[in-house]
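Here are a few notes to read alongside the coordinates. I have kept them in numbered points so that you can check each one on screen.

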2 protein chains.
Amino acid sequence: MAVTLADIHAAADRVRGVVHRTPVLTCATIDALAGRRVHFKCENLQKTGSFKYRGATNAVRRLTDAVAARGVVTHSSGNHAQALALAARVRGIPATVVMPRTAAAVKRAAVVGYGGAVVECAPTLAERERVAAEAVARTGGTLIPPFDHPDVIAGQGTACLELLEDVPHLAAVVAPVGGGGMLSGFAIAAKGTRAGVMVYGAEPAGADDAARSFAAGVWQPQTAPDTIADGLLTSLGALTWPIIRDRVDGIVTVSEADIVAAMRLVWERMKLVIEPSAAVGVAAVLTAEFRALPGLADVGVVLCGGNVQLDRPYW
Amino acid sequence: MAVTLADIHAAADRVRGVVHRTPVLTCATIDALAGRRVHFKCENLQKTGSFKYRGATNAVRRLTDAVAARGVVTHSSGNHAQALALAARVRGIPATVVMPRTAAAVKRAAVVGYGGAVVECAPTLAERERVAAEAVARTGGTLIPPFDHPDVIAGQGTACLELLEDVPHLAAVVAPVGGGGMLSGFAIAAKGTRAGVMVYGAEPAGADDAARSFAAGVWQPQTAPDTIADGLLTSLGALTWPIIRDRVDGIVTVSEADIVAAMRLVWERMKLVIEPSAAVGVAAVLTAEFRALPGLADVGVVLCGGNVQLDRPYW
């Protein structure tokens with residue numbers, strides 16, 4: 001395992017007072033629909049609007065002063081880009097974020113708003129990686145990838161430690177899975193903290209590489225993902241896949257209609273703005289498959305982010 | 001004063017474990033815009049989606065078993081209706097809610113969803129009062145008005161006690177004002193708990209009876225209110241007005257454009273669904289008038305509710 005429980009405890013000490021300790025909320029309506037008590041860890045209320053700020057903060061604070069002074073670099077058009085930009089600004093170091101030219105203006109503006117320097121590139125993974133490597137070579141900065149990095153995984157796991165502190169009797173935790181940074185961090189944190197706790201991933205059926213990999217026991221790539229959950233498009237990583245294979249109990253997949261319905265349910269009943277990727281975890285606990293699992297009186301679900309475009313008609 | 005600090009402490013004991021202890025959240029973006037640190041008491045995350053559940057619960061739990069058994073009655077098309085319906089259901093007694101025929105179907109459905117019996121009437125205040133009186137006569141139930149009632153005022157004040165427990169160094173608290181139940185409860189709770197704390201009401205310019213009454217020193221009715229903040233349309237009551245006159249330091253009025261902008265700001269940056277009435281308090285601390293107030297390093301603002309129609313285009 002690339003990350004241990006001790007790493008996550010060390011990360012928790014490192015990010016304490018810098019990241020929000022987000023609340024854990026419940027909703028009687030959702031409990032009735034899920035057939036059990038569901039405890040939501042509200043990382044949509046985290047700084048920069050997602051759990052990504054935990055991993056980015058842990059990674060940035062781990063750097064020595066000399067290394068940190070040269071700044072950090074990443075390529076991302078999503079929540080990690082904003083998270084790294086703010087984490088760098090809080091430490092007082094530069095952040096370079098490589099973004100595809102096609103990224104939404106609002107995402108670019110968010111990174112700039114947090115003090116990041118945006119470098120545009122052509123919208124392919126190869127170009128993103130090439131331009132990011134150029135930025136590293138030019139600045140001497142440190143590349144902080146969005147999920148497949150021990151410090152990032154450990155940082156994401158701190159949300160699970162807090163959740164289990166607040167609700168020690170959880171029988172299971174559920175986390176959405178894209179690259180697997182959060183799910184692997186949750187798995188290490190949960191299995192290490194509470195004997196017998198179950199850990200489930202939640203994934204869109206339209207980007208189900210984790211479910212396929214898990215079923216086959218062999219890593220499978222995600223090709224041509226098709227889902228509204230734009231934070232969950234990527235394949236599992238070299239570090240996250242073995243953790244998920246060995247520490248996760250199952251992957252629940254959900255339809256696009258389920259995702260939108262769960263998103264609206266949370267906005268309407270919990271009064272929380274969550275993004276589609278966060279709704280995937282909610283939709284998972286509402287599936288017939290999950291409802292049929294025996295036991296599990298109390299389940300924790302992480303609402304991973306709340307970065308949406310308010311002018312977009314989601315329903 | 002119709003309500004004392006001791007009444008509010010007694011209400012807090014009475015509602016503890018029944019109402020949510022809602023979180024207090026902050027937002028660096030709003031702090032920067034407000035020019036000071038703003039602490040938001042999230043009553044949009046309260047059961048039934050608004051602070052009204054506090055007052056309704058306190059009033060319902062105060063009834064003797066014999067009186068309670070005959071049920072409760074109110075006339076309301078807003079958040080108090082849902083709050084009373086749930087408070088009654090939790091106690092296991094019937095609630096009759098008189099609603100104008102013109103009330104939105106979604107509001108009627110919410111009351112029914114919480115187990116209330118809806119009685120329709122013509123859409124005038126006189127008809128609402130007449131039909132409610134009929135229901136009281138028929139059922140022997142107790143009328144629980146939406147704001148002008150000591151138990152309701154004391155219940156709303158419990159949110160302020162919690163806010164001051166969580167952030168003891170607040171220099172001021174700000175609460176939206178419609179009928180004045182929340183503002184008067186906050187004023188008694190805040191002035192009684194912390195010497196020197198300032199208390200401000202926040203009101204739409206399109207329904208500014210509190211500001212006019214406060215300026216004149218004499219109660220003024222609200223006629224022809226015109227605002228998107230549909231929870232703040234009513235005039236101050238016979239019990240709430242003297243408390244506001246004697247215990248509140250000022251009323252800040254805001255424009256319709258300010259309300260919508262503040263509402264969007266909170267959805268977008270805080271990831272919280274708030275209703276227009278709640279945005280009035282946010283808009284107030286962003287006015288040039290409020291920003292110019294000296295001192296007040298830390299200010300508490302109550303986000304009073306989150307009941308919106310998600311299909312409505314607010315912006």
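1. Let us begin with a pair of strands. In chain A, strand β2 (residues 37-42) and β10(A) run parallel and are joined by six bridges. One place to look is His39(A), which stands opposite Gly300(A) in β10(A). Please keep in mind that this is a predicted model.

2. β10(A) has another partner too. Strand β7 (residues 172-176) of chain A pairs with β10(A) over three bridges, again in the parallel sense. Here Val173(A) has Gly300(A) as its bridge partner.

3. How many residues of strand β10 in chain A are buried? Five of the six are, so the strand, which spans residues 298-303, is mostly covered.

4. Val173 also turns up in the nonpolar packing. The largest nonpolar core has 214 residues, and those with the most contacts inside it are Leu84(A), Val173(A), Leu84(B) and Val173(B). To see the surroundings in the other chain, pick Val173(B): beyond its neighbours within four places in sequence, its contacts are Cys160(B), Leu163(B), Phe186(B), Ala190(B), Val197(B), Val199(B) and Gly300(B).

5. For a contrast, go to Val218(A), which sits in the loop between α10 (209-216) and α11 (240-247) of chain A. Is Val218(A) buried or exposed? Val218(A) counts as exposed, because it has 10 C-beta neighbours inside 10 Å, and the cut-off for that class is 12 or fewer.

6. Now the two chains together. At their interface, 13 residues of chain A are in contact with 13 residues of chain B. Helix α12 (residues 256-270) of chain A gives the most to the side of chain A that touches chain B, namely three residues. By class, that side has seven nonpolar, three polar and three charged residues.

7. How do the copies relate? Chain A is superposed on chain B by a rotation of 180° with 0.0 Å of shift along the axis, at an RMSD of 0.0 Å. This is the relation of a two-fold axis. Of the residues of chain A, Leu272(A) comes closest to that rotation axis, with its C-alpha at 2.4 Å. The copies meet through the same surface, because 100% of the interface residues of chain A are also interface residues in chain B.

Conventions: Residues are numbered from 1 along each chain as its sequence is written. Chains are lettered from A and ligands numbered from 1 in the order in which they are written. This is a predicted model: local features need pLDDT of at least 70, side-chain atom pairs count only at pLDDT 80 or more; totals for chains, interfaces and linings use all residues. A residue is buried if 20 or more other C-beta atoms lie within 10 Å of its own, exposed if 12 or fewer, and partly exposed in between; C-beta atoms are placed from the backbone. Helices (H or I, at least four residues) and strands (E, at least two) are DSSP runs, numbered from the N terminus. Two strands pair if DSSP finds at least two bridges between them. Two residues are in contact if their C-beta atoms, placed from the backbone, lie within 7 Å. Ala, Val, Leu, Ile, Met, Phe, Trp, Tyr, Cys and Pro count as nonpolar, Asp, Glu, Lys and Arg as charged, and the others, Gly among them, as polar. Copies are superposed by least squares on the C-alpha atoms of residues with pLDDT of at least 70 in both. A nonpolar core is a set of buried Ala, Val, Leu, Ile, Met, Phe, Trp, Tyr and Cys residues joined through C-beta atoms within 7 Å.
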